[in-house]
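Trainee: Before we discuss this model, could you take me through the terms and show how each one is applied?

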Amino acid sequence: MKKCCTILLQRNLPEVTNRIGEEILSNNSDLTDFYVVESGSDDDRLSKFTKNTFHANWDDARKNGLRTGRGFNFGLTELEKLGKKYDYYFLVTGDTIFEQKNCVEIMLSEMENNPKMGILSPLSRKWGNEFSHLWDKNKTQSVTLIPHVAWMFKHKLIETISKDFESKDFMGYLYDGTNFRCYDADTEILVKSYAYDFFPAITSKVYIKEDEFLTDRNFKVMKTEDRETHKKLMWDEGMAWLKRKYNFDGKQQMRQLLYNSRYHFFKRNPDVGNMI
């Protein structure tokens with residue numbers, strides 16, 4: 001069994017899946033297995049990685065897809081059913097472009113050198129000036145708020161979070177599947193990481209780009225909404241979820257919860273204070 005598995009989430013774009021899978025395996029195949037979650041994809045729109053594909057092919061998934069949360073939940077539960085456990089799980093969305101060919105090797109090295117690091121994300125230059133001090137410095141540090149594009153997890157953190165859910169399935173394993181489009185559901189995972197004594201981190205040793213217009217170019221083939229429609233639905237659903245689950249009136253209260261979790265983690269763990 002390899003140390004890591006990579007799970008790519010995709011919908012009806014086999015050419016993109018094939019490209020990403022080939023790039024990862026051609027440079028990291030000794031370290032990672034590669035799996036695909038087909039998020040309600042048509043039967044004739046699957047990638048070449050059929051032997052390692054988990055196909056969400058029930059009616060609702062075909063109509064609406066699984067989105068990030070339910071998609072990765074589904075992949076993780078299917079791996080568990082197969083009895084496959086890895087030390088690290090690299091959960092990658094279908095619009096990711098890696099700039100470093102040996103991205104898995106670099107990220108595994110960072111995580112193995114930091115026992116308290118539970119999540120590691122590559123850096124994108126489009127994530128704002130707050131990260132500009134990391135550009136071109138080959139540096140890894142703890143992080144507060146970042147989007148889930150390509151996150152590597154330690155198994156122990158995923159296993160701990162999964163205990164928060166009564167049933168391990170596509171509705172609850174890592175993500176809260178009741179938040180369909182996942183606005184701030186990834187923030188909740190960062191909060192849990194700090195609360196469960198692992199810090200999430202970002203590294204400029206690996207860079208990614210997001211193909212921001214992938215959905216706009218392909219939303220009819222993908223049988224989904226265009227990007228602007230999706231963003232509005234995601235916001236509205238996310239605000240309703242924050243109110244329903246936390247009784248928050250907006251995103252700032254969730255941000256404060258994250259900052260507080262981070263503060264208390266480093267108070268408990270002064271030995272990793274160099275990662276702040």
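What follows is a short exchange about the terms used for this model.

Mentor: This is a predicted model, in which local features need pLDDT of at least 70 and side-chain atom pairs count only at pLDDT 80 or more, while totals for chains, interfaces and linings use all residues. Residues are numbered from 1 along each chain as its sequence is written, and side-chain values use heavy atoms, with hydrogens and water left out.

Trainee: Why is D184 called buried?

Mentor: The relative accessibility of D184 is 4%, and buried means under 20% relative accessible area, exposed over 50% and partly exposed in between, with a 1.4 Å probe and protein chains only, so D184 counts as buried. D184 lies in the loop between α5 (155-162) and α6, where helices (H or I, at least four residues) and strands (E, at least two) are DSSP runs numbered from the N terminus.

Trainee: What makes K223 partly exposed?

Mentor: K223, in the loop between α7 and α8, has 46% relative accessibility and therefore counts as partly exposed.

Trainee: What is there to say about phi in D184 and in K223?

Mentor: Most residues other than glycine have a negative phi. D184, which is not a glycine, has a positive phi of about 70°, and K223, also a residue other than glycine, has a positive phi near 60°.

Trainee: How do you know that the span of α8 agrees with its 20 residues?

Mentor: The expected span of a helix is 1.5 Å times one less than its number of residues, so α8 should span 28 Å, and its end C-alpha atoms are 27 Å apart, which agrees.

Trainee: Which residues of α8 are buried, and how do you know that they lie on the same side?

Mentor: The buried residues of α8 are G238, M239, W241 and L242. They cover an arc (taken from the directions from the helix axis to the C-beta atoms) of only 165°, so they are on the same side of α8. They pack against α6 and α9, with contact meaning heavy atoms within 4.5 Å, whereas the face of α8 turned away from the buried side carries the exposed residues K232 and R244.

Trainee: Which residues does H155 contact, leaving aside its neighbours within four places in sequence?

Mentor: H155, found in helix α5, is then in contact with K85, Y86, D87 and Y89. H155 and D43, 112 residues apart in sequence, are 31 Å apart in space, C-alpha to C-alpha.
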